[in-house]
Amino acid sequence: MERFAETTRQTYEGWEEFYRKPVDEKLDFFRKDGRLFDVIFAQQFDRRFLDELCRLADKIRLLAKTKSGALLLSRLLPHKRAMLYFVQPSTRTFLSFQNACYLLGLRVSESRGTSTSSEVKGESPEDTIRTFASYVDLIVCRHPEAGFAEKTAWVLNQTERPVPVLNGGSGPDQHPTQALLDIYTLEREFQATGGLDGKRIAMVGDLKRGRTVRSLSYLMKNYRGVSLTFVSPEVFRMKDDIKQFLRKHGIPFTETDDFESVLPHVDAIYMTRIQNEYASDPRNETETYPDFHFRREHLARISPHCVLMHPLPRRYEIEVAVDKDPRAAYWRQERNGMWIRAALIAHIFRAEEEILAEFA
Ligand code: NCD
């Protein structure tokens with residue numbers, strides 16, 4: 001593919017200018033008829049939407065447990081088809097989107113690399129996406145480039161057949177649907193302690209290149225009294241754009257490289273791995289940063305209601321012996337991804353009323 005980069009990269013008039021605009025000014029472009037159409041940035045979600053989506057995910061989860069409920073769900077969207085275009089490695093995001101589609105009766109096509117598509121012949125990724133739009137009603141994409149999902153949505157929205165684009169991870173930039181499942185997990189885990197409002201959350205690891213912590217940080221503006229502690233090695237500190245956003249919205253945060261000292265003082269700990277794939281030379285990044293790992297002995301130092309999260313995949317960041325502790329929420333967190341993504345798809349295709357009507 002690399003070989004064709006020069007010839008296929010034609011410029012789209014207006015794109016650069018659009019891309020440079022502040023996100024706040026672009027939000028309307030990704031909405032249609034008063035609701036979300038494309039899901040590109042975490043900044044698109046407000047509190048009302050987040051609360052409604054969590055409630056909807058709970059209902060889908062309940063219905064899916066019974067044969068009659070599962071049948072009802074599968075009859076909601078059999079007239080819709082989805083394309084999963086994942087050209088960057090993925091296990092959870094891909095499978096949870098695929099199964100979310102199955103739950104709602106959508107049929108799914110997939111492409112998990114560019115080596116078997118016409119991109120080998122020099123087709124641009126934008127033309128490839130436009131081709132998908134000819135056959136399906138929804139595109140979920142994951143791409144190593146920041147801004148890729150945004151660009152494809154921008155291109156499609158100017159065609160005769162725009163279909164919603166959901167960002168399943170755009171390089172080190174954003175992962176908005178991961179942020180949705182993280183919020184859903186936090187709200188569920190904090191059910192007995194008053195929900196996410198007022199909680200103290202630590203984010204740990206590679207905060208510079210980790211897209212999950214970036215998207216989740218944006219969502220904090222929707223919650224009252226939340227405070228953040230960024231715990232990272234000096235080289236992986238959270239970037240300034242997020243810190244500026246937090247300051248602008250009055251969300252208190254602190255930064256430290258002393259993980260041990262943070263442990264007893266937070267309500268949730270969100271662990272992340274070092275994102276070596278974005279290094280200019282990944283071979284230079286062999287350091288595992290053990291001071292930023294959660295080990296078995298740390299369990300005695302965190303509060304009894306502390307929620308331990310990780311977007312996964314895990315390497316060394318959490319010792320496997322920790323998994324058995326009830327506060328280890330990451331396996332529940334990954335399953336929550338399927339329910340919340342089903343809720344998101346149901347919302348986009350306006351199927352939520354039929355779901356909620358079952359509980360009226
Ligand atoms: C994350 C990602 O891809 O950004 N994984 C995921 O989607 N659950 C986190 C990671 O890869 O470290």
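Cys 101 is buried, at a relative accessible area of 0%; buried here means under 20% relative accessible area, exposed means over 50%, and partly exposed lies in between (1.4 Å probe, protein chains only). The model is predicted, so local features need pLDDT of at least 70 and side-chain atom pairs count only at pLDDT 80 or more, while totals for chains, interfaces and linings use all residues. Residues are numbered from 1 along each chain as its sequence is written, and side-chain values use heavy atoms, with hydrogens and water left out.

**Cysteines**

If you are wondering about disulfides (pairs of cysteine sulfur atoms within 2.5 Å), the structure holds 0 of them.

| Cysteine | Relative accessible area | Closest cysteine sulfur |
|---|---|---|
| Cys 101 | 0% | Cys 141, 14 Å |
| Cys 306 | 1% | Cys 54, 19 Å |

**Helix 6**

Cys 101 is also one of the buried residues of helix 6, among them Phe 94, Phe 97 and Leu 103. Helices (H or I, at least four residues) and strands (E, at least two) are DSSP runs, numbered from the N terminus. Helix 6 covers residues 92-103, and its 12 residues should span 16 Å at 1.5 Å a residue; the end C-alpha atoms are 16 Å apart, which agrees. That expected span is 1.5 Å times one less than the number of residues. Just after the helix, Gly 105 takes a positive phi of about 85°.

**The cores**

A nonpolar core is a set of buried Ala, Val, Leu, Ile, Met, Phe, Trp, Tyr and Cys residues joined through side-chain atoms within 4.5 Å. The largest one has 71 residues, and those touching the most other members include Leu 104, Leu 166 and Leu 344. Helix 13 (residues 330-348) gives the most to this core, with 9 residues. Because domain 1 (11-171 + 337-357) and domain 2 (176-328) both give residues to the core, it lies between them. Those bounds come from an automatic or database domain assignment.

Leaving aside neighbours within four places in sequence, Leu 166 is in contact (heavy atoms within 4.5 Å) with residues including Phe 37, Phe 97, Cys 141 and Leu 344. A second, separate core of 23 residues includes Leu 27, Phe 132, Ile 139 and Phe 148.

**Thr 256**

Thr 256 sits in strand 9 (residues 253-256) and is partly exposed, with a relative accessible area of 24%. Not counting residues up to four places away in sequence, Thr 256 touches Thr 229, Phe 230, Val 231, Ser 232 and Val 262.
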